[in-house]
Amino acid sequence: MRLKDTVVAVTGAAGGIGEGIARILLAEGARMALWDLSAEATAAVAARIDPAGDRTLALAVDVTDESAVARGIDSTATHFGRLDGLVNNAGTITMNAAWDATAAEWQRHLAVNVTGTFLCAQAAGRYFKQHGGGRIVNVASNAGKVGYQNMAAYNASKAAVISLTRSLALEWSGENINVNAVCPGGVDTPMLAQVAEWLSPRLDVPAAELLAGMGASGLGGRRIQPDEVARVIAFLLSDDAIIIRGQSISVDGGDTPY
Ligand SMILES: NC(=O)c1ccc[n+]([C@@H]2O[C@H](COP(=O)([O-])OP(=O)(O)OC[C@H]3O[C@@H](n4cnc5c(N)ncnc54)[C@H](O)[C@@H]3O)[C@@H](O)[C@H]2O)c1
């Protein structure tokens with residue numbers, strides 16, 4: 001119960017890694033606001049992981065909307081009486097060859113993955129500054145360190161999240177605000193399935209076969225599970241990680257050993 005009596009807001013909590021984060025943080029004792037584009041979708045997650053409903057709050061928060069983010073922080077802190085942590089997990093990907101990528105696709109990656117992360121961190125950071133500190137964990141990607149084909153905008157956006165993590169950690173360390181990131185490899189979620197679906201007709205290989213090959217080679221080729229990423233996030237949110245600051249830790253079974 002590393003997070004007993006803490007309150008954490010998790011963005012992109014309607015499924016995939018977000019649901020894993022919610023499940024693990026709950027098991028670690030946290031109470032949580034689950035944010036995503038649709039409150040119905042986050043309410044469905046809340047009903048699965050917290051049937052009594054007294055430790056979760058489902059909210060519709062588009063992370064690209066500055067006023068919605070401010071309302072999200074306010075509603076979360078008011079509902080639970082405090083806020084101790086933020087997990088910036090919301091993210092988007094659109095596969096395309098760099099030759100064909102449109103400006104709109106590029107902007108969408110930056111809006112959700114970078115600006116969304118910044119706006120949520122800034123709003124939470126302002127709250128933490130006034131209340132003695134807090135913890136922020138950003139979900140970047142090993143794509144921000146190594147880069148993959150047909151996802152130039154996604155790679156660039158995740159590299160920016162890694163850089164932002166360093167900047168915020170440096171600026172806010174003196175306010176007792178600890179900022180770190182995790183960089184997952186291929187995690188078993190709808191996002192990875194989407195990548196396989198896009199590649200399938202282009203490589204003339206069934207999507208299921210491609211998906212089966214998208215695991216971590218260091219883990220014998222199996223895909224990483226959301227709960228495994230979530231356990232590292234729980235650690236980074238806890239007092240045990242207070243000496244780790246501004247780091248973007250690869251959680252990909254050793255495929256990116258830095
Ligand atoms: N799945 C992987 O292999 C993988 C690998 C590395 C990093 N990641 C990162 O992990 C995070 C979670 O990804 P996932 O695999 O669970 O994907 P997912 O598509 O299953 O979940 C992403 C969630 O973010 C939400 N979201 C998108 N735009 C939003 C917005 N503007 N405001 C609020 N919520 C929004 C979506 O509705 C969705 O619920 C993302 O940041 C992703 O880039 C995933």
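**Strand order, domains and ligand shell of a predicted model**

Strand β1 (residues 7-10) and strand β2 (residues 31-36) run parallel and are joined by 4 bridges; two strands count as paired if DSSP finds at least two bridges between them. Within this pair, A9 has A33 of β2 as its bridge partner. The structure is a predicted model, in which local features need pLDDT of at least 70 and side-chain atom pairs count only at pLDDT 80 or more, while totals for chains, interfaces and linings use all residues. Residues are numbered from 1 along each chain as its sequence is written.

The pair belongs to an open sheet of 7 strands with parallel pairing, in the order β3-β2-β1-β4-β5-β6-β7. Because β3 (56-60) and β7 (248-251) stand at the edges with a single partner strand each, one side of each is left without a neighbour in the sheet. From one strand to the next, the twist averages 20°.

Helix α2 (residues 39-49) lies across β2 and β3 and runs at about 165° to β3. Helix α8 (residues 226-237) lies across β1, β4 (85-88), β5 (134-139), β6 (177-184) and β7, at about 165° to β6. Axes are lines fitted to C-alpha atoms, for helices over the stretch in contact, and angles run from 0 to 180 degrees between N-to-C directions. Contact requires C-beta atoms, placed from the backbone, to lie within 7 Å.

In total, the protein has 8 helices and 7 strands (DSSP runs numbered from the N terminus: helices are H or I with at least four residues, strands are E with at least two). The radius of gyration is 17 Å, close to the 18 Å that the globule rule gives for 258 residues, so the protein is as compact as a globular protein of that length. This radius is taken over C-alpha atoms, and the rule is 2.2 Å times the number of residues to the power 0.38.

The domain assignment, automatic or from a database, gives domain 1 (7-187 + 225-251) and domain 2 (188-223). Their C-alpha centres lie 24 Å apart. Contacts link 10 residues of domain 1 with 12 residues of domain 2.

Around the ligand are 27 residues, of which G12, G16, G91, T189 and M191 come nearest; a residue is near if its C-beta atom, placed from the backbone, lies within 6 Å. Domain 1 and domain 2 each contribute at least three residues to this shell. Helices α1 (16-27), α4 (103-130) and α6 (190-203) each supply at least two.

Notes:
Two residues are in contact if their C-beta atoms, placed from the backbone, lie within 7 Å.
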